[in-house]
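Take a look at the chain below, then read on.

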Amino acid sequence: MNEEAIETQESTQQPSSSPSSESATLEDNQFRVLDVPRDRGLLVADVVTVFSVDGKLCATGARCTHMGGPLQEGTLDGHVLTCPWHGAQFDVRTGEVLRGPATRPLDVYPVLVTGEIGELDAG
Ligand code: FES
């Protein structure tokens, strides 16, 4: 068997017991773990933003508690998220405000990871 035949054969194989991540249909509250950027957030279902901190996933509300800035466009440095609109900072692990002008913490949500798929419980 030549290499081209082997590649074709491998690329058409599908796992029999679980759907591949490419073909699996995600629910509204699910996302692919590999889609979460290292320095920003991933917006999921338009209401939650997921961040990766030291290999652990954290989920917060999608909008800043100051004036609703889009947190997936903020910058993440370690666990500190800076809002893109007025620079408020939050700890994405707890939602705590670290710097104003925001005064109210972010809501935080549990993230369940099964293989390559993350799932939110946003209540
Ligand atoms: S909207 Fe986030 S700091 Fe103002």
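Which residue in strand 11 is the bridge partner of Arg32? The partner is Ile117. This is a predicted model, in which local features need pLDDT of at least 70, side-chain atom pairs count only at pLDDT 80 or more, and totals for chains, interfaces and linings use all residues. Residues are numbered from 1 along each chain as its sequence is written.

**Confidence**

- Over residues 1–21, pLDDT stays under 50.
- For that stretch the model has 7 contacts beyond four places in sequence; two residues are in contact if their C-beta atoms, placed from the backbone, lie within 7 Å.
- Where pLDDT is low, the predicted coordinates should not be read in detail.

- Helices (H or I, at least four residues) and strands (E, at least two) are DSSP runs, numbered from the N terminus.
- An open sheet has 3 strands in the order 1-11-10, with antiparallel pairing; two strands pair if DSSP finds at least two bridges between them.
- Strand 1 and strand 10 (111–114) are at the edges, each with a single partner strand, so one side of each has no neighbour in the sheet.
- From one strand to the next, the twist averages 25 degrees; axes are lines fitted to C-alpha atoms, for helices over the stretch in contact, and angles run from 0 to 180 degrees between N-to-C directions.
- Strand 1 pairs with strand 11 (residues 117–120) through 3 bridges, in the antiparallel sense.

**Loops on either side of strand 1**

- Asp28 sits in the loop between helix 1 (3–12) and strand 1.
- Asp28 counts as exposed because it has 11 C-beta neighbours inside 10 Å; a residue is buried if 20 or more other C-beta atoms lie within 10 Å of its own, exposed if 12 or fewer, and partly exposed in between, with C-beta atoms placed from the backbone.
- Asp28 and Leu120 are 92 residues apart along the chain, and their C-alpha atoms are separated by 9.1 Å.
- Leu34 belongs to the loop between strand 1 (30–32) and strand 2 (42–44).
- Leu34 also counts as exposed, because it has 8 C-beta neighbours inside 10 Å.
- Between the C-alpha atoms of Leu34 and Ile117 there are 8.6 Å, while 83 residues separate the two along the chain.

- A 4-strand open sheet runs in the order 2-3-4-9, and its pairing is antiparallel.
- Strand 2 and strand 9 (108–109) are its edges; each has a single partner strand, so one side of each is left without a neighbour in the sheet.
- Strand 2 and strand 3 run antiparallel and are joined by 3 bridges.
- Leu43 has Thr49 in strand 3 as its bridge partner.
- These two strands form a hairpin with 3 residues between them, and Ala45 in the turn has a positive phi of about 55 degrees.
- Strand 3 and strand 4 also run antiparallel, joined by 6 bridges.
- Val53 stands opposite Lys56 in strand 4.
- Here the hairpin has 2 residues between its strands, and Asp54 in the turn has a positive phi of about 50 degrees.

**The core**

- The largest nonpolar core has 22 residues; such a core is a set of buried Ala, Val, Leu, Ile, Met, Phe, Trp, Tyr and Cys residues joined through C-beta atoms within 7 Å.
- Among the residues with the most contacts inside it are Val48, Phe51 and Leu120.
- Strand 3 (48–53) and strand 4 (56–61) each supply at least two of its residues.
- Strand 3 gives the most to this core, 3 residues.

Technical notes
pLDDT is the predictor's confidence in each residue, from 0 to 100.
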